[in-house]
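Biologist: I've got a model open and I'd like to learn to read it feature by feature. Can you walk me through it?

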Amino acid sequence: MKEQTKAGLSKPLEVYAETMSKLDGDTRAKMLVEDSVKRTLRNQRSKLNPVEPNSLENLVIDGSKTSEPYKLLFRKLIEKCEKNNLYLDPKYVHLDFEKAVIKAVHKVFNREVIIRGFFYHLLQSTHRKVQALGLEKLYCEYNTFSEFCGMLDGLAFLHLTDVEQGMFYLKSIMPDTALDLVPINFVNIAVFETYFKIVKRC
């Protein structure tokens, strides 16, 4: 019951009722009193609550690599909307390119939600990759390499039907210095189709 309360959107009362209905009479008789169990379940969920914000810094989820903090945030939004008789069912969500956030959106809402990214975040993401690979000096000193990075980002401006052709073109002019930057299966459109649906100028 604790894990179900932490993971889901169901209220502690609903989790308790559902679980109790599945238990046999002997097991139910051994359970703690209802109020005690429900209080424990509420406490489990409240442990995951974000800090009550008293400044803008408290509103930042600091680069979490897991989707859990984001799922919690989206669930809290849903709960808040429900309290105001609003139904949160987005068709589009505008995000940066953090996999953890995208995964959380699809888990909490549904897989049909279309993720739209901002070109600025794409540029940042590419530049972070350049830095992580130790290619910053190359990027600053060699125009061929920095221009290629720009063209790589420029794929986001192509219509989805033209992306594959753009990939083949970039592969044909790719400098050897960009081999670590570009995945081996770069021209596999099936692999990148989802990615380029996300990478749209908004």
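Biologist: In which sense do strands β1 and β2 pair?

Modeller: Two strands pair if DSSP finds at least two bridges between them. Here β1 (residues 92-95) and β2 pair in the parallel sense, over four bridges. Y92 stands opposite I114 in β2. Helices (H or I, at least four residues) and strands (E, at least two) are DSSP runs, numbered from the N terminus. Residues are numbered from 1 along each chain as its sequence is written. This is a predicted model, where local features need pLDDT of at least 70, side-chain atom pairs count only at pLDDT 80 or more, and totals for chains, interfaces and linings use all residues; side-chain values use heavy atoms, leaving out hydrogens and water.

Biologist: What unit do β1, helix α6 and β2 make?

Modeller: A crossover is right-handed if, with the strands pointing away from the viewer, the path from the first strand over the helix to the second runs clockwise. With α6 spanning residues 99-108, β1, α6 and β2 form a right-handed β-α-β unit.

Biologist: Which residues of β2 are on its covered face?

Modeller: In β2 (residues 114-117), I115 and G117 make up the covered face, while I114 and R116 are on the uncovered one.

Biologist: What is the phi of N85?

Modeller: Most residues other than glycine have a negative phi. N85 has a positive one, near 55°. N85 sits in the loop between α5 (68-83) and β1. Its relative accessibility is 73%, so N85 counts as exposed (buried is under 20% relative accessible area, exposed over 50%, partly exposed in between, with a 1.4 Å probe and protein chains only).
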